[in-house]
Amino acid sequence: RMGASPSDDKMSPENGHKLKSDSQDLYMDDEIKVILSYLQTTRGLDFSSDRLLTGKNEIKQRLVLNKISDCRTYLKFLENHPEELTTLIDLLTVNVSRFFRNPDTFETLSKRVLPALFSQKNASPSPELRIWSCGCASGEEPYSMALLIHELLRKESLEMDIHIFATDINQSILDKAQSGKFKEEQLQNVKLGLLNRYFTRDGGN
């Protein structure tokens, strides 16, 4: 129809259907936010608005797999099935990492931060250094720190009690970190000397 106004256009059956779909999407978003709020309350996970789309897709998949029709019912299901809550968290959290992921940062640690800490700690009768890797994913960061520290202590002939604590909200990824097994692409930033000294191949991998 020539010269149709935007308001007239919205009255067509096609666009009327679209408005209904948009309304359903907004309702779904509100329902998803309730679940994400529950994750924040119970597990301390703070999902910002830019994660809503990803969260919506993952939660929809879990509804289908568990044969649940709506988010409110799924929320009750989460409350009564801790294993499903763990599965959902695994899907919503991103665990992408590699050894020495930020080379400049580790260079600063090696050249400035750690030598200063070693000097300070060695003044103590029982030198000890504690490090916490928060959100360690599959362990690349704490293992990188361990390599760096051990190399510095070895080169300087120093002795010190080192404690590296690594935590993550994702238990399955922590289990992977504890295994100490990594793919070659995760080790791309590790120098050849460190690879030969600290790593062994497992089954040709």
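Analyst: Tyr143 is partly exposed, with a relative accessible area of 32%; on this scale buried stands for under 20%, exposed for over 50% and partly exposed for what lies in between, computed with a 1.4 Å probe on protein chains only. The ring of Tyr143 pairs with that of Phe182: their centres are 5.5 Å apart and their planes meet at 80 degrees, so the pair is edge-to-face. The pair joins distant parts of the chain, since Tyr143 sits in helix α7 and Phe182 in the loop between α8 (171-179) and α9 (192-198), 39 residues apart. Phe182 has a relative accessibility of 16% and therefore counts as buried.

Some conventions are needed before going further. The model is predicted, so local features require pLDDT of at least 70 and side-chain atom pairs count only at pLDDT 80 or more, while totals for chains, interfaces and linings use all residues. Residues are numbered from 1 along each chain as its sequence is written, and side-chain values use heavy atoms, leaving out hydrogens and water. Helices (H or I, at least four residues) and strands (E, at least two) are DSSP runs numbered from the N terminus.

A pair of aromatic rings is described by the distance of the centres and the angle of the planes. Rings of Phe, Tyr and Trp (its six-membered ring) form a pair if their centres lie within 6.5 Å; planes under 30 degrees apart make the pair stacked, over 60 edge-to-face, and the rest are tilted. By this rule there are six aromatic pairs. In one of them, the centres of the Phe99 and Tyr143 rings are 6.5 Å apart with planes at 20 degrees, so this pair is stacked. Here too distant parts of the chain are linked: Phe99 belongs to the loop between α5 (82-92) and α6 (103-121), Tyr143 to helix α7 (residues 140-156), and 44 residues separate them. Phe99 counts as buried because its relative accessibility is 1%. Taken together, ring pairs link Phe99, Tyr143, Phe182 and Phe199 into a cluster.

The loop that holds Phe99 also contains Phe100. Phe100 is not a glycine, yet its phi is positive, about 50 degrees. With a relative accessible area of 9%, Phe100 is buried. A second case is Ser157, likewise not a glycine, with a positive phi of about 55 degrees. Ser157 lies in the loop between α7 and β2 (161-167), and at 65% relative accessibility Ser157 counts as exposed.

A pocket is found on a 1 Å grid over the protein atoms alone: it is an open set of points with protein on both sides within 12 Å along at least five of seven lines, unlike a cavity, where a 1.4 Å probe fits but cannot get out, and lining residues have an atom within 4 Å of a point. Grid points are joined across faces, edges and corners, and a volume is the space filled by probe spheres set on the points. The largest pocket has a volume of about 480 Å³. It is lined by 17 residues, of which Glu107, Ser110, Leu148, Lys191 and Leu194 are the closest to its centre. At least two lining residues come from each of α6, α7 and α9. The lining consists of eight nonpolar, three polar and six charged residues; Ala, Val, Leu, Ile, Met, Phe, Trp, Tyr, Cys and Pro count as nonpolar, Asp, Glu, Lys and Arg as charged, and the others, Gly among them, as polar.

Finally, the wider chain places these details in context. It has nine helices and two strands, and of its 205 residues 32% count as buried. The whole structure has zero disulfides, a disulfide being a pair of cysteine sulfur atoms within 2.5 Å.
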